[in-house]
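Visitor: I have a structure here that I would like to go through with you, chain by chain. Could you take my questions as they come?

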Amino acid sequence: MKKELKFVVNGNPYDIWVEPNTLLVQVLRDELGLRGTHRACDSGTCCACTVNLDGMAVKSCSILALQANGREILTIEGMANGAELHPIQQAFIDNWAFQCGFCTSGQIMASNALLKENPNPTREEVQLQMDGHLCRCTGYNMINEAIRDAAGRLQAQKSQEKTK
Amino acid sequence: MAISYRCPCCRKITSDPYDLARHYLGQTNKKHKDWLKTQGLSYAQLITWQVTEFGNKGYDALAEVLEKGAPKVED
Amino acid sequence: MSEYSIIGKPTTNVDGAAKVSGEAVYTFDMTLPNMLYGKLLRSPHPHARIISIDTSEAEKLPGVKAVITGKDTPGGRYGLWRRFPELCDQEVLATTKVRFIGDPVAAVAAVSEAIAENALDFINVEYELLPAVFEPLDAIKDDAPLVHDDCDNNINNTRHIEWGDVDEGFKNSDYIREDRFIYSSQHPAPTEVHNSLASYDKGNGRLTVWSSTQSPYYLQLGLADGLKMREGDIRVIKPHVGGGFGGKNSTMPDSVNAAVLSMKTGRPVKIVFNREEEFTCTEHRTAMHLAVKIGLKKDGTIMAKEFKLITDGGAYTALGATTLYLTGTYATFPYKIPSYRYDGVRTYTNKMWATSVRNFGGTEAIYASETQLDRAAHDLGIDPIEIRRKNAMTPGYEAPGQYNVGSCGLLPSIDKVEERIKEKWTDLSKDEGVGFTLFAYMCGGIFNWIDTPYAFSGAMVKVNIDGTVDLFTQGSDIGQGTNTVNVMICAEELGIGIEDIRLHPADTATTPVDLGAWASRETMMNGNAVKDAASNVKKKLIEVARMKLGENIVYDLEVKDKRIFLALRPERGFSYYDIVKDAIKLNDGEPILGVGHYTPHRKGMVSPAWSFGSMAIRVKVDRETGLVEVKDVIVAHDCGQPINPLGVRGQVEGSVHLGLGWGLCEDLPTDNGLILNPSFADYKIFRTRDMPQIELHEVPTYEPGGPFGAKESAEGAVAPTSPAIANAIYNVTGATFDSNVLKPEKVLKAIREKEGKEN
């Protein structure tokens with residue numbers, strides 16, 4: 001029997017009805033059409049499906065949709081500000097931090113949570129936080145550099161806003 | 001007058017029995033394999049020798065048989 | 001040669017904004033109106049005859065729209081070695097028997113994935129179990145069960161390569177050694193699983209298939225053969241692909257069954273493998289037994305080499321026969337070997353079939369060669385770097401009757417890595433060691449076992465009135481950056497900007513044939529076709545400019561920075577945009593079109609060019625646990641003229657990552673044909689914490705046959721990684737290994753055995 005799910009996704013409120021066993025990733029992709037969050041393993045072992053739930057990086061294949069009731073979700077589609085890419089997204093582009101791109105949404109969303117918690121991480125700290133993310137293409141180092149580059153850009157952005 | 005050898009099962013002609021053996025063992029169709037049986041050889045045995053032992057046992061054995069049994073062509 | 005405007009400059013990915021925004025569309029993300037979902041019923045047995053299949057119960061289930069078995073398919077057989085019909089051994093669905101655990105026997109289309117999945121349980125298959133064979137040497141025996149009833153002794157393919165007089169070479173050697181190795185399989189494990197969406201047009205009988213494929217053309221051929229349709233009535237479109245690594249070259253059951261189900265239901269059908277199917281029922285690296293014999297003079301000069309190979313092909317051919325050829329070729333790389341003899345056999349076994357994975361043939365052969373060479377160097381008292389330097393290929397080298405080497409930066413790459421080892425790794429502890437290895441890789445294959453009548457790659461360029469360009473080419477970007485490379489090449493050739501070009505890639509209906517992304521062929525072959533097409537447009541523009549200038553024909557014109565001008569007097573020229581307008585007016589209003597193609601000629605039998613490099617890996621060995629930690633990697637790499645340094649670095653790092661995994665932890669153990677670790681939890685892949693930093697040095701050379709001098713980048717760098725680790729462990733502990741995947745228990749055992757021998 002379906003149950004009511006009221007939550008906010010990328011700043012938009014939703015009120016829908018879902019089966020209790022529906023995963024969050026299924027609701028995002030199949031109900032809301034937000035296909036930027038990908039599924040690669042369905043066993044919580046690769047982090048490709050990572051989104052932010054109340055600011056935390058979570059694997060959306062490992063959470064029931066109803067667990068997001070009353071919460072706020074941010075997906076890759078919510079990162080850009082209109083046509084302006086988020087500094088993390090731009091840093092990924094500038095550092096060639098993706099190749100096939102299939103794990104990239106998850107990497108970016110995890111980076112978003114990471115940098116809010118630790119605005120100036122070292123290489124090792126990034127490795128520790130991102131260790132669950134499987135990437136088959138890049139060998140990870142360029143992603144690590146992108147995340148630290150993004151940290152710098154976000155710090156600069158913050159300083160600029162302070163001086164305004 | 002030089003002698004060449006024709007493959008018993010197709011149109012390949014060469015003056016060197018070893019070269020003919022090389023050609024022959026590259027053919028995996030039934031016709032080629034069946035002719036080997038008529039000569040008391042097994043395709044599988046020749047290949048097994050060739051891929052499990054250093055040396056050229058498979059080709060050498062086949063070259064010897066082809067030198068005797070393959071139709072001759074006068075150049 | 002003037003400095004390039006775009007080639008060689010770090011350039012961000014032309015698909016970048018889409019990929020970081022979640023807007024890049026993969027087949028995985030696609031739906032069509034009225035779409036059904038398909039699932040495959042797979043054999044639980046490695047070898048069995050199909051006695052009967054009853055689909056009646058499944059057909060009755062609400063939401064199920066079609067259930068098919070082998071008899072409902074057009075009955076065509078397909079494969080990738082189309083020159084040899086007996087090697088086109090695959091069917092859409094098994095008709096008489098199943099040959100591996102996972103061989104599909106039926107397919108269901110339903111209104112939801114869950115209903116389709118559930119319906120599989122309602123299909124009743126009666127099997128007669130048959131004895132199965134799992135090891136190649138067992139498969140060859142006269143009394144072995146036959147995987148394919150018409151293939152005696154399960155011998156799928158053989159290969160022999162020979163030059164010089166090997167026996168004479170061994171006679172003249174001062175030192176001879178023989179080593180045997182087992183190279184075990186790994187899985188490409190792309191993040192996007194195999195999946196296809198097929199849509200049949202009921203009006204004109206044509207089929208469109210979107211698929212996560214490395215080669216739209218190969219898929220088009222496989223579908224045409226399997227479905228007994230004209231190629232031209234099948235359109236294959238490759239959206240973005242979430243990785244391939246060699247495992248997506250073949251026509252796989254998702255595509256052909258989606259097609260048949262769509263033809264039957266009249267609705268689009270999508271089939272998506274789950275991760276378990278991905279691991280157990282898609283292509284993986286060919287496992288092999290390798291025996292290598294080498295003869296050297298006491299000064300380390302290689303005199304002769306003999307290589308014997310037995311490969312475990314699995315149940316079907318696909319590209320597996322190519323692996324046999326390439327492994328035998330790579331066993332000679334990258335050294336000058338005066339005499340060589342190779343014999344290889346590929347056998348059928350009752351397992352999921354094995355073919356290409358990144359650096360196919362090379363990874364296996366170079367593991368054996370490079371490990372053996374270190375042991376020989378040790379016995380001869382020669383430095384491992386020196387022995388390699390002594391025998392290294394040089395520009396213009398030819399292996400008689402087999403392949404030519406054009407540009408070759410191998411010697412400078414050796415010097416570079418050696419220099420950096422001496423500068424950087426001065427503080428090795430007693431548990432740390434260095435392994436040094438060389439590598440080389442092809443830029444696509446010259447062979448044409450696919451039997452195509454087309455040029456190996458084609459491209460079309462259309463220039464519009466406002467100077468914007470539409471570039472049509474089938475080159476497959478599967479993450480390696482081919483789209484960006486192609487746009488860069490086109491822009492450089494026309495003297496315009498990347499922002500002026502829109503790429504239309506990988507659609508068999510709108511782009512000329514390209515054979516696909518395998519054996520690292522795209523930059524050399526597809527890049528050359530793009531350059532050719534652009535140069536044909538350039539000629540037309542130059543003609544118009546020359547007419548307007550009124551200069552003598554002997555004076556050259558150049559294109560650069562959106563101008564077309566006299567090379568000797570650059571200030572005399574025109575804006576590209578103005579010439580485009582003039583050219584279109586002069587051509588009766590037709591847009592300017594350029595068509596180009598590339599097929600290698602007079603380049604030997606294997607590949608038109610080769611990349612080269614050296615690698616050193618520093619490891620730390622824990623003698624108590626056998627755990628090997630990779631501390632640092634230095635690579636010097638020759639890819640000719642790098643087109644995009646960002647992309648080149650990405651390829652090197654990605655290759656090293658794969659190679660490290662294949663050397664230390666990625667493994668596909670099987671038990672009676674069943675793969676035992678079909679998930680990311682159990683199939684161990686290097687994660688970010690396992691990765692060391694990689695110091696990369698480019699050794700620029702210029703390959704005359706490559707687009708702007710470019711060659712393939714970094715697929716070669718997969719191969720040297722695992723032997724470098726093995727060699728490093730050897731240097732620390734003296735322990736040797738006759739297999740790859742150096743897990744802690746194996747390393748510990750080898751160390752203890754070595755210690756035991758010494759005591």
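This is a predicted model: local features need pLDDT of at least 70, side-chain atom pairs count only at pLDDT 80 or more; totals for chains, interfaces and linings use all residues.

Visitor: Fine. What is chain A built from, and in which order do the elements run?
Guide: Chain A has five helices and five strands, and from the N terminus on they follow the order β-β-α-β-β-β-α-α-α-α. Its radius of gyration is 16 Å, close to the 15 Å that the globule rule gives for 164 residues, so chain A is as compact as a globular protein of that length. Along the principal axes, the C-alpha trace of chain A spans about 50 × 40 × 25 Å.

Visitor: How much of chain A is buried, and how far apart are the centres of its charges?
Guide: Of its 164 residues, 55% count as buried. Chain A carries 16 positive and 18 negative side chains, and the centres of these two sets lie 1 Å apart. As for contacts in chain A with a separation of 6 or more, 57% of them are between residues 24 or more positions apart.

Visitor: Which chains does it share the most contacts with?
Guide: There are two pairs of chains in contact, and of these, chains A and C share the most contacts. Chain A and chain B, by contrast, are joined by no contact, and their closest C-alpha atoms lie 35 Å apart.

Visitor: Over to chain B. What pattern does it follow along the sequence?
Guide: Chain B, with four helices and three strands, reads β-β-α-α-α-α-β along the sequence. For 75 residues a compact globule would have a radius of gyration near 11 Å, and the 12 Å of chain B agrees with that. The C-alpha trace of chain B spans about 40 × 25 × 20 Å along its principal axes.

Visitor: And how far apart are the mean positions of its charges?
Guide: In chain B the mean positions of the 11 positive and 9 negative charges are 9 Å apart.

Visitor: Now chain C. How many helices and strands are there?
Guide: Chain C has 18 helices and 32 strands. A compact globule of 759 residues would have a radius of gyration near 27 Å, and chain C, at 27 Å, agrees. Of those 759 residues, 67% count as buried, and among contacts in chain C between residues at least 6 apart in sequence, 80% join residues at least 24 apart.

Visitor: Is there a helix in chain C worth looking at, and is H9(C) mostly covered or open?
Guide: Helix H9 of chain C, residues 320-330, is mostly covered, since eleven of its eleven residues are buried. Among them are Gly320(C), Leu324(C), Tyr325(C) and Tyr330(C).

Visitor: What about Gly314(C): buried or exposed?
Guide: Gly314(C) belongs to strand E15 (residues 302-314) of chain C, and it is buried because its relative accessible area is 1%, where the cut-off for buried is under 20%.

Visitor: Which residues is Gly314(C) in contact with, leaving aside its neighbours within four places in sequence?
Guide: With those neighbours left aside, Gly314(C) is in contact with Thr347(C), Tyr348(C), Thr349(C), Lys351(C), Met352(C) and Trp353(C). Gly314(C) also lies 8.7 Å from Arg99(C), C-alpha to C-alpha, although the two are 215 residues apart in sequence.

Visitor: One last topic, the hairpins. In which sense do E24(C) and E25(C) pair?
Guide: Strand E24 (residues 557-560) and strand E25 (residues 563-566) of chain C pair in the antiparallel sense over four bridges, with Leu557(C) opposite Leu566(C). Two residues lie between the strands of this hairpin, where Asp561(C) takes a positive phi near 50°.

Visitor: And where does E25(C) go next, through how many residues?
Guide: A hairpin of six residues joins E25(C) to E26(C). E25(C) and strand E26 (residues 573-575) of chain C pair in the antiparallel sense over three bridges, and the bridge partner of Ile564(C) in E26(C) is Phe574(C).

Key
Residues are numbered from 1 along each chain as its sequence is written. Chains are lettered from A and ligands numbered from 1 in the order in which they are written. Side-chain values use heavy atoms; hydrogens and water are left out. The radius of gyration is taken over C-alpha atoms; the globule rule is 2.2 Å times the number of residues to the power 0.38. Lys and Arg count as positive and Asp and Glu as negative; His and the chain ends are not counted. The place of a charge is taken as NZ of Lys, CZ of Arg, CG of Asp or CD of Glu. Buried means under 20% relative accessible area, exposed over 50%, partly exposed in between (1.4 Å probe, protein chains only). Contact means heavy atoms within 4.5 Å. Two strands pair if DSSP finds at least two bridges between them.
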